Amino acid sequence: MLSLRGLNVHYGKIHALRDLSLSVGEGEAVSVVGANGAGKSTLMWTLAGVLRPTSGEILFAGAPLPSRPHEVVRSGLALVPERRRLFAELSVEENLTMGGYLRRDAGLGEDRERMLELFPILRQRLAQTAGTLSGGEQQMLAIARALMGRPRMLLLDEPTLGLAPLMVDQVMETLDSVRRGGTPLLLVEQNAQRALELADRAYVLETGSVVREGPARDLLDDPVVRRAYLGDL
Ligand code: ATP
């Protein structure tokens with residue numbers, strides 16, 4: 001579904017992504033874990049069409065990924081950005097509607113209902129402005145809003161950042177059901193434990209390079225990964 005080969009991204013002289021190659025298959029959940037500054041957000045913003053790679057190839061659904069953000073969204077790749085970036089002054093209902101604004105089909109009402117089934121908490125909050133929701137509720141709304149565009153694949157930048165453990169559980173369960181519904185996911189996370197539990201496969205990113213990759217289960221058992229990212233001594 002998504003394939004990156006030899007991707008390099010620079011900020012001036014800073015080499016933020018180095019020869020990065022990774023892939024996400026149909027129906028797969030893939031995590032990229034790494035510490036602060038590893039390049040996770042850079043990867044997400046490059047995929048969203050906001051940052052331009054200096055070299056390398058990005059293929060999405062068999063074609064080169066478009067180079068501008070709105071074309072990327074139109075091609076079916078939706079980003080749920082870090083810290084959510086909702087329309088804080090708009091209600092939950094209005095945020096959901098905005099999520100479907102690029103669509104011209106008649107299924108919007110049906111999808112709104114599907115989202116409210118997936119995120120029952122949002123149904124109770126439909127008229128409330130997004131800025132007054134709790135962190136976890138905002139994250140769910142951000143995911144629901146992205147799904148309203150019927151993306152072919154979802155990118156998530158640190159969806160559990162700053163959330164209480166119970167909320168982390170809920171967000172992860174939701175992502176699992178999104179994946180089971182057939183939408184592939186690429187998730188970047190500092191929370192390696194949760195990200196590896198959710199994913200089928202994963203990559204470990206250090207200073208812009210992939211230093212380990214494989215089935216998420218294997219990485220969870222890998223002593224080097226455990227020491228560096230999971231707090232083992
Ligand atoms: P975090 O989890 O802290 O957000 P990250 O893994 O998402 O970290 P990035 O934000 O992608 O990491 O940063 C990768 C590298 O690029 C870092 O060394 C960072 O300082 C640098 N960088 C990021 N944004 C810019 C920018 N706008 N200008 C210059 N350097 C940048």
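Strand β3, spanning residues 29–33, is mostly covered in this predicted model: five of its five residues are buried. Ala-29, Ser-31 and Val-33 point one way from the strand, while Val-30 and Val-32 point the other way. Both sets are buried.

What does β3 pair with? β8 (residues 185–189) runs parallel to β3 and is joined to it by five bridges. Within that pairing, Val-32 has Val-188 as its bridge partner. β9 (residues 201–206) also pairs with β3 in the parallel sense, this time over four bridges.

| Pair | Sense | Bridges |
|---|---|---|
| β3 and β8 | parallel | five bridges |
| β3 and β9 | parallel | four bridges |
| β4 and β5 | antiparallel | two bridges |

The β4 and β5 pair belongs to an open sheet of four strands, ordered β2-β1-β4-β5, with antiparallel pairing. β4 covers residues 55–60 and meets β5 over two bridges. In this stretch, Leu-59 stands opposite Pro-64 of β5.

Then there's helix α1 (residues 40–47), which packs on that sheet. Helix α1 touches β1 (2–11), β2 and β4, and its direction makes about 115 degrees with that of β1.

Terms used
Residues numbered from 1 in each chain as written. Predicted model: local features only at pLDDT ≥ 70, side-chain atom pairs only at ≥ 80, totals over all residues. Heavy atoms only, no water. Buried < 20%, exposed > 50% of the residue type's maximum accessible area, 1.4 Å probe, protein only. Pairing = 2+ DSSP bridges. Contact = heavy atoms within 4.5 Å. Axes fitted to C-alpha atoms, helices over the stretch in contact; angles between N-to-C directions.
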